[in-house]
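User: I am new to protein structures and would like a close look at one part of this one. Could you walk me through the place where the domains meet, and what sits there?

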Amino acid sequence: GAQPIVLAVESSCDETAMAVIAGDGRILANVVATQIDFHARFGGVVPEIASRKHTEAVVGVFEEAMAQAGEALGTAPLQATDLAAVGVTQGPGLVGALVVGVAFSKGLAAMAGIGLVGVNHLEGHLYANLFETPDLEPPFVASLVSGGHTMLVHVRDWGDYEVLGQTIDDAVGEAFDKVAKALGLGYPGGPVISKLAAEGDPRAIAFPRALLHSHDYRFSLSGLKTAVITYIEAENRAGRPIDMPDLAASFQAAVIDVQVSKALTAVEACSLDDFCVGGGVAANPALRSAYAEKLGERGVRVTVPPLSACTDNAAMIALVALRDVQAGRLAELSMDAEPNWSL
Ligand code: KG4
Ligand code: ZN
């Protein structure tokens with residue numbers, strides 16, 4: 001048909017993911033091969049391992065995605081020449097991880113004679129909100145909270161972003177991961193800490209709310225992480241058992257208070273009534289309901305992506321890639337990974 005079919009490839013961190021999108025925006029395939037088990041025992045993502053695992057997984061994930069897309073269309077598995085283009089996460093991310101997806105995509109584009117598109121991973125996390133609210137239209141304020149980023153963004157238009165402020169040290173997801181590591185809870189920290197926190201008292205331990213009253217959109221998480229670790233060590237020295245749910249809930253509350261307060265300031269300063277969230281930490285249930293409650297009571301419409309679209313996936317990359325294909329914004333075959341690409 002006349003509708004372009006686009007393959008999207010995501011390999012910026014520890015998920016090898018591919019999705020296929022039809023010209024009308026329908027997701028025909030969505031495959032995620034996670035490497036989490038290979039990184040868990042190290043308490044975080046090991047870049048060298050990530051790169052090698054992407055290399056191992058990339059062909060199998062491709063075949064699975066092309067088969068799924070064929071099934072969705074009621075045909076045989078798609079061939080590369082059925083695609084109009086391949087869109088790949090070009091950055092930001094781990095360079096050795098990104099280059100696997102980029103090299104694969106360039107090879108596919110060259111071999112099949114199809115278009116190539118370079119997608120910004122952070123823009124993908126923003127677009128994931130369209131799976132929840134298809135009519136979401138700029139301008140709005142967005143929070144991006146992941147393992148590598150913590151920022152508030154004024155989305156003036158799709159593709160036109162003003163970063164209002166970001167973390168000056170650790171990312172929110174990184175803080176969850178480091179606290180979990182200190183508690184011996186493995187990697188990633190977010191899911192396990194949020195589960196514990198659901199059973200705990202968020203007022204049990206008073207942890208610092210860094211930069212809460214700084215009158216800007218900067219964030220700082222490393223002091224909070226250190227405060228939690230210092231607390232754990234002091235309790236251990238005193239021979240007192242640690243109430244894990246209370247600790248998790250109190251840490252999480254300190255994070256959420258600052259996130260919600262600055263988000264509220266941002267939507268009011270920009271005079272906007274739409275707000276959305278992207279990145280792995282957007283899967284946090286307490287953060288989602290705090291946004292809904294505190295921004296909702298000020299008349300702000302809050303969108304959060306479906307849970308499966310919060311953490312890294314290629315469906316969100318496919319939305320951005322399709323936009324660029326339809327606008328004729330293609331990349332050169334000489335393009336390369338951009339590990340420090342900003343929004
Ligand atoms: O977006 P993502 O998959 O990868 C990056 O681009 O970084 O985000 C992963 C991060 C990890 O730090 C993980 O601990 C965090 O998202 N995360 C969560 C939750 N689920 C994942 N953090 C808090 N609560 C959660 N439920
Ligand atoms: Zn991400």
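Analyst: Let's start with the meeting place itself: 11 residues of domain 1 are in contact with 16 residues of domain 2, where contact means that two C-beta atoms, placed from the backbone, lie within 7 Å. This is a predicted model, so local features need pLDDT of at least 70 and side-chain atom pairs count only at pLDDT 80 or more, while totals for chains, interfaces and linings use all residues. Residues are numbered from 1 along each chain as its sequence is written, and chains are lettered from A and ligands numbered from 1 in the order in which they are written.

Domain 1 covers 6-126 + 311-326 and domain 2 covers 137-304; such bounds come from an automatic or database domain assignment. Their C-alpha centres lie 28 Å apart. On the side of domain 1 that touches domain 2, helix 1 (36-40) and helix 4 (121-127) each supply at least two residues. Helices here are DSSP runs of H or I with at least four residues, numbered from the N terminus. That side of domain 1 has six nonpolar residues, five polar and no charged.

Now for the ligand. Both domains give residues to the shell around ligand 1, so ligand 1 lies between them. The shell holds 19 residues, and G147, G173, G190, G280 and N284 are the closest; a residue is near the ligand if its C-beta atom, placed from the backbone, lies within 6 Å of it. Helix 5 (172-182) and helix 6 (189-197) each give two or more residues to this shell, and helix 6 gives the most, with four. By type, the shell around ligand 1 divides into six nonpolar, 11 polar and two charged residues, with Gly counted among the polar ones.
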